[in-house]
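Hi everyone, thanks for coming.

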Amino acid sequence: MIRSMLYATDLGLYAPLVMQHALALARTFNADLYVVHAVEPMGLFAESVLQSYLDEQALNEFHSQGLKTVIANIEQRVLESFREELGDEGEQDLQRIRAVRVLQGDPSQVILDQVQKLPVDLPVVGLHSPGVVSEHALVAQTASVLHLAKVPVYLVPLVERRRRGDR
């Protein structure tokens, strides 16, 4: 029985398509829905640029408070985008959402961690939107979630990738 689901989003071009699948399943099973988005840690280049312009105290403050502010803003924007996407008729769907979490880390590991921490019976993931990650990273992340998840995973293939001419 599916009582709770996790919708993992990359916030890319095809995120609304994956969200529609997640909401349709949530409606079908009368399930709660958790939403998660992973923010990759800053790379060495970004970190070195910040170190060039900020003293140690300001850098530490940015890492503790600035990142929290950025994450809170992303969470708020995710909820706002759901409201816009669903319109007035989507209020019941919005009530299914128990939490929106933006977490820093490798996307596949964030998804797997949240599946274990939350009472999730079915994670819903989509293939990344074009340009979000390289093709090899996409395959590795998707394979990692599919292989390591302790529960069934619902994978939404992207419409664009189904065409024979795309490779």
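First, a word on naming: helices (H or I, at least four residues) and strands (E, at least two) are DSSP runs, numbered from the N terminus. By that scheme, α3 is followed by Gly87, which has a positive phi, near 70°. What you see is a predicted model, where local features need pLDDT of at least 70, side-chain atom pairs count only at pLDDT 80 or more, and totals for chains, interfaces and linings use all residues. Residues are numbered from 1 along each chain as its sequence is written, and side-chain values use heavy atoms, leaving out hydrogens and water.

Let's stay with α3. It has 31 residues and spans 44 Å from first C-alpha to last, close to the 45 Å expected at 1.5 Å a residue; that expectation is 1.5 Å times one less than the number of residues. At Phe62, α3 bends by about 35°, the angle between axes fitted to the seven residues ending there and the seven starting there.

Which residues of α3 are buried? Leu59, Gly66, Ile71, Val78, Phe82 and Leu86 are, buried being under 20% relative accessible area with a 1.4 Å probe, protein chains only. Their cover includes β1, α1, β2, α2, α4 and β3, with contact taken as heavy atoms within 4.5 Å.

Now the sheet. Its 5 strands are in the order β3-β2-β1-β4-β5, open and parallel; two strands pair if DSSP finds at least two bridges between them. The edge strands are β3 and β5, each pairing on one side only. Strand β4 is joined to β5 by 3 bridges, and Val125 has Leu155 in β5 as its bridge partner.

Key
Buried means under 20% relative accessible area, exposed over 50%, partly exposed in between (1.4 Å probe, protein chains only).
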